[in-house]
Amino acid sequence: MSRHAVPNDELRAALITLKREKPTLGVAKIHTLLLDTNPTWSVSEKRVRRVLQEEGLLINGMANASEKANNDGKEQSGGQSTRVYPSSGLNKSLDVNKWSKKIEVRYFDTIKGKGLVATEQIEQGEVIWKEDPFILAPEWEIYDLQVSSKACGFCSTIIRDRSLLHVPCRASTTSTPCPAIFCNRLCRLQSDKVHPLLCPARNQASIPLLAFARKAEWLAVHALAQCTSRLLLASQADDDSLDVDLRVVQSLAVLGMEERFRTLIDQGVEPDRKTWQKAFELYLQAFKEPKTALEQKKLAKILRKPVPESLQKELFGYDAFLRGLGRISLNLEAHGGLYRLHSHLNHSCSPNTSVRHLDQRNALSRITIIAKSDINPGDELLISYTDPSCDFRTRRRRLAEWGFGPCQCGRCLAEEEEARGAGSGGDTEANNLADQLRAGLGLI
């Protein structure tokens, strides 16, 4: 019987499965069992050992799968730090056909999670779908335009010449102004799903939180505020509205801030828990416990119905807050939008799709996903989570900062092999103190 080489992804999945089933076996026995189970595979024991080490299934040369088997998505590495992969779920109410009939959602495994796969041929250059954000916390340059009444408070489109179509926030008055201005009445109507709890005229308790996020340039805090506002306002509408929005949020990939920093210990990055706590205090002040009686009264006018206890647990515990920050950071598009379908896209250093903002004159926050190459039925749609111009070590390090294991795409493996052949070792990128400080907050 002839044997053939096995792709890394397939080998890794098989080894993880075997270690879950036989957590006490060492490398040699796992290698024998692997070949017995897959008689057509050609895999050396050395390769098995390397993959097990990369996946955190060996510690100091010894197998350590029992912890792995008991904690899906968690791995031990180096005897010190713990690698915890992001977890995600499926939103069964998501209608993918609303955006495209050529793709579907597929769940791969507990480590990779879900992704998008082509069901029909997609040609290079083809627009696969367009999507408006679930919530938007635009990059700070655009946010500054919003608070200066120079960009739409909903879709973030820049307003260059004022016209009769542009409308202000309904709550804005001379004594309690709100700078928000909208492209038209439709944008203002759609903003009612988020804006009221973040409006300085209607909920003054939100002002310190947004000012804190802006000063720290902490986009995840701003985005979490937008998301929390949407969920709380949905709870005031009806149970169906809240259920639909909550499903979107709960299905997003998540890695809590504490879990994330377990992966950064080896880089000498310490979490800035003092700043996290400050953000949490302002968050509670904005949405649950305003400081003054006047602010409490204003918040009560918006949240007239009791907020369900289950939603309060989802939002207002400190651990829930840190998970929320991690969830938002993992799923935000580069320009600050959180998108229902876009959030399903997985990473490759050689992506086959690109994300563009093409509707700059009338819907800046709308994204367009375009095929960079031909995509065959069954192929996964992929984007790059990192700067693809960096070397493979830097790309892998950036991915590791968010709990992803070493990237095993074809480009990374080829560059790794080339570096090994050239005798290159270690990370060539100098330690960047600014990056470490921002990492302490969770900003990168």
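Modeller: Let's start at D359, which sits in the loop between β13 (353-356) and β14 (367-371). Those labels come from DSSP runs numbered from the N terminus: helices are H or I runs of at least four residues, and strands are E runs of at least two. Before going on, please keep in mind that this is a predicted model, in which local features need pLDDT of at least 70 and side-chain atom pairs count only at pLDDT 80 or more, while totals for chains, interfaces and linings use all residues. Residues are numbered from 1 along each chain as its sequence is written, and side-chain values use heavy atoms, with hydrogens and water left out.

Is D359 buried or exposed? D359 has a relative accessible area of 16%, so it is buried. Here buried means under 20% relative accessible area, exposed means over 50%, and partly exposed is in between, with a 1.4 Å probe and protein chains only. If we set aside neighbours within four places in sequence, D359 is in contact with K130, L364 and R366; contact means heavy atoms within 4.5 Å.

Two strands count as paired if DSSP finds at least two bridges between them, and β7 and β14 are joined by 4 bridges. Across this pairing, W129 stands opposite I369 in β14.

Now for some aromatic rings. The structure holds 7 aromatic pairs. In one of them, the rings of W140 and Y143 have centres 5.4 Å apart and planes at 90°, so the pair is edge-to-face. Rings of Phe, Tyr and Trp (its six-membered ring) pair if their centres lie within 6.5 Å; planes under 30 degrees apart count as stacked, over 60 as edge-to-face and the rest as tilted. Both W140 and Y143 belong to helix α5 (residues 140-146), 3 residues apart, or about one turn of the helix. W140 is buried at 9% relative accessibility, and Y143 is buried at 12%. F212 and W218 make a tilted pair, 6.3 Å centre to centre with 50° between the planes. F212 is buried at 17% relative accessibility, and W218 at 1%. Elsewhere, ring pairs link F280, Y283, F287, F316, Y318 and F321 into a cluster.

Last, let's see how some helices pack. Helix α7 (residues 207-216) and helix α8 (residues 219-237) meet at an angle of about 150°, with axes 7 Å apart. Axes are lines fitted to C-alpha atoms, for helices over the stretch in contact, and angles run from 0 to 180 degrees between N-to-C directions. So α7 and α8 are roughly antiparallel to each other. Angles under 35 degrees count as roughly parallel, over 145 as roughly antiparallel, 65 to 115 as roughly perpendicular and the rest as oblique. Helix α8 also packs with helix α9 (residues 239-250) at about 155°, again with axes 7 Å apart, so α8 and α9 are roughly antiparallel too. Where they meet, the residues include R230 and L231 in α8, and L242 and D245 in α9.
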